[in-house]
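The sequence and structure come first.

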Amino acid sequence: MLGEDHSLLHEFPEFSDKIATKINTDSGFASDTKQYNALDKEIRELELNSNPIDDEAMHKLKHDRAVLKDSLYQRLQMS
């Protein structure tokens, strides 16, 4: 669905306390979360505003977001 919110807190509400704690205590996690949320916002804006972007570029953005999401999820499960 176009324009859907995939922010980290929206995707993993059950980890909201862990996310907040890790953002404050783990600079790598905080940086990756910031990058993930920025990618999500960029993708959402591109979808909602129908900005011209080719399919390959959009696929790369979504792939990068998915890789970060998987990494962040793994770190949330391990802590």
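The model is predicted: local features need pLDDT of at least 70 and side-chain atom pairs count only at pLDDT 80 or more, while totals for chains, interfaces and linings use all residues. Residues are numbered from 1 along each chain as its sequence is written, and side-chain values use heavy atoms, with hydrogens and water left out. The chain holds four helices and zero strands (DSSP runs, H or I of at least four residues for helices and E of at least two for strands, numbered from the N terminus).

**Overall fold**

- From the N terminus on, the order of elements is α-α-α-α.
- The C-alpha trace spans about 40 × 20 × 15 Å along its principal axes.
- Of the 79 residues, 28% count as buried (under 20% relative accessible area, with exposed over 50% and partly exposed in between, using a 1.4 Å probe and protein chains only).
- Among contacts (heavy atoms within 4.5 Å) between residues at least 6 apart in sequence, 70% join residues at least 24 apart.

**Helix α2 against helix α3**

- Helix α2 (residues 16–25) and helix α3 (residues 27–49) pack at an angle of about 115°, with their axes 6 Å apart. Axes are lines fitted to C-alpha atoms, for helices over the stretch in contact, and angles run from 0 to 180 degrees between N-to-C directions.
- The two helices α2 and α3 are therefore roughly perpendicular (65 to 115 degrees; under 35 is roughly parallel, over 145 roughly antiparallel and the rest oblique).
- Their crossing, α2 with α3, is left-handed (the near helix is turned anticlockwise from the far one by less than a right angle; clockwise is right-handed).
- On the α2 side the contact uses Ile 19, Lys 22, Ile 23 and Thr 25, and on the α3 side Ser 27, Phe 29, Ala 30 and Thr 33.
- By class, the residues of this α2 and α3 contact are four nonpolar, three polar and one charged. Ala, Val, Leu, Ile, Met, Phe, Trp, Tyr, Cys and Pro count as nonpolar, Asp, Glu, Lys and Arg as charged, and the others, Gly among them, as polar.

**Helix α3 against helix α4**

- The angle between α3 and helix α4 (residues 55–78) is about 145°, and their axes are 9 Å apart.
- The crossing of α3 and α4 is left-handed.
- Residues of α3 in this contact include Phe 29, Thr 33, Tyr 36 and Leu 39, and those of α4 include Leu 61, Leu 68, Leu 72 and Leu 76.
- The α3 and α4 contact has 10 nonpolar, three polar and nine charged residues.

**Core and buried residues**

- The largest nonpolar core has 14 residues, of which Leu 8, Phe 12, Ile 19, Phe 29 and Leu 76 touch the most other members. Such a core is a set of buried Ala, Val, Leu, Ile, Met, Phe, Trp, Tyr and Cys residues joined through side-chain atoms within 4.5 Å.
- Phe 29 touches Leu 8, Ile 19, Lys 22, Ile 23, Leu 72, Arg 75 and Leu 76, not counting residues up to four places away in sequence.
- Phe 12 lies in the loop between α1 (8–11) and α2, and is buried, with a relative accessible area of 8%.
- Beyond four places in sequence, Phe 12 is in contact with Ile 19, Lys 69, Tyr 73 and Leu 76.
- Phe 12 and Leu 76 are 64 residues apart in sequence and 9.6 Å apart in space, C-alpha to C-alpha.
- Thr 33, found in α3, counts as buried at 3% relative accessibility.
- Leaving aside neighbours within four places in sequence, Thr 33 contacts Leu 8, Ile 23 and Leu 72.
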